[in-house]
Amino acid sequence: MPRTGQPAIRQVAAVQRAFTVLDALADGDAELGTNEIARRTGINASTVSRLLATLASSGLVEHVEESGRYRLGVRLLQLGNIVLGRLDLREIARPHLQALVGETGETATLSVAGEPDAITVDFVQSDASVQSVARLGRPSVAHATATGKVLLAFRDGLLPSGSLKRYTPHTITDRGALASELERVRARGYAEAAGEREDDLHAIAAPVHGPRGDLAGIVGVQGPATRFDAKAMRAALEPLLGHAHAISRALGG
């Protein structure tokens, strides 16, 4: 049979039933007996018993000797961690960046934590004639950008060491003021910066969380101050937060 690169259409009924049993264990109590699984799935009890024995032999379910019931096995956790480890953040986030540009009309960026600043790893440029220019590998100054504030607020909560450089009249240079700003960022789940790194650049950003609640990335929207004003920034918040949450869910966050 020639190889097409596409998955086969025909499915194996026994494998489908095995997944149905796993779903029942996932949706039910911590442990379920054979008859209860049969009742919930509509699969014959003798078939459920054989499926459970097969799944237990591979560690996907565990038989609890004390109760005679079954529960999900640690092998599922091992497999899940392997999948999560192989997920490419950029691959997952790219369609969301494209959607953000379509919904806001501004440039969308994806950044990850660096030392000491966040680093841009992907972006989708706005189609507008006047654009804010994003660059791969560009650091986002921690105290003077929306992406940088998200990094500070959701990575470890620590302020940058040393003095805070002033880039524009709007840059936060007081450490107490920055600490208060980061509290607001954590409370509302996003950050904004209006002319704090560059006079004519406004931006908002939100965290992407990984499976352990850690900061996996930062999604941002940025545009020229003349167009991406306070009203436009408020309008962009809902799509920004929606896509950041969607990426987090795709990562298992």
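On a 1 Å grid over the protein atoms alone, a cavity is a set of points where a 1.4 Å probe fits but cannot get out; a pocket is an open set with protein on both sides within 12 Å along at least five of seven lines; lining residues have an atom within 4 Å of a point. Grid points are joined across faces, edges and corners, and a volume is the space filled by probe spheres set on the points.

This is a predicted model: local features need pLDDT of at least 70, side-chain atom pairs count only at pLDDT 80 or more, and totals for chains, interfaces and linings use all residues. Residues are numbered from 1 along each chain as its sequence is written, and side-chain values use heavy atoms, with hydrogens and water left out.

**Cavity and pocket**

The structure holds 1 cavity of 30 Å³ or more. R138, S140, T145, L201 and Q222 lie nearest the centre of the largest cavity. Its lining draws at least two residues from each of β3, β5, α6, β7 and β8. Strand β7 gives the largest share, 4 residues. Helices (H or I, at least four residues) and strands (E, at least two) are DSSP runs, numbered from the N terminus.

The largest pocket has P116, D117, A142, P160 and S161 nearest its centre.

In the table, Ala, Val, Leu, Ile, Met, Phe, Trp, Tyr, Cys and Pro count as nonpolar, Asp, Glu, Lys and Arg as charged, and the others, Gly among them, as polar.

| Space | Volume | Lining | Lining classes |
|---|---|---|---|
| Largest cavity | about 300 Å³ | 26 residues | 11 nonpolar, 10 polar, 5 charged |
| Largest pocket | about 260 Å³ | 17 residues | 9 nonpolar, 3 polar, 5 charged |

**Sheet**

An open sheet of 6 strands runs in the order β5-β4-β3-β8-β7-β6, with antiparallel pairing. Two strands pair if DSSP finds at least two bridges between them. β5 (139–140) and β6 (191–194) are the edge strands, each with a single partner, so one side of each has no neighbour in the sheet. Strands β7 (residues 201–209) and β8 (residues 215–224) run antiparallel and are joined by 9 bridges. A203 has Q222 in β8 as its bridge partner.

**Overall shape**

The protein has 8 helices and 8 strands. Its radius of gyration (over C-alpha atoms) is 24 Å, well over the 18 Å that the globule rule gives for 253 residues, so the protein is more spread out than a compact globule. The globule rule is 2.2 Å times the number of residues to the power 0.38. Along the principal axes, the C-alpha atoms fill a box of roughly 75 × 45 × 30 Å.
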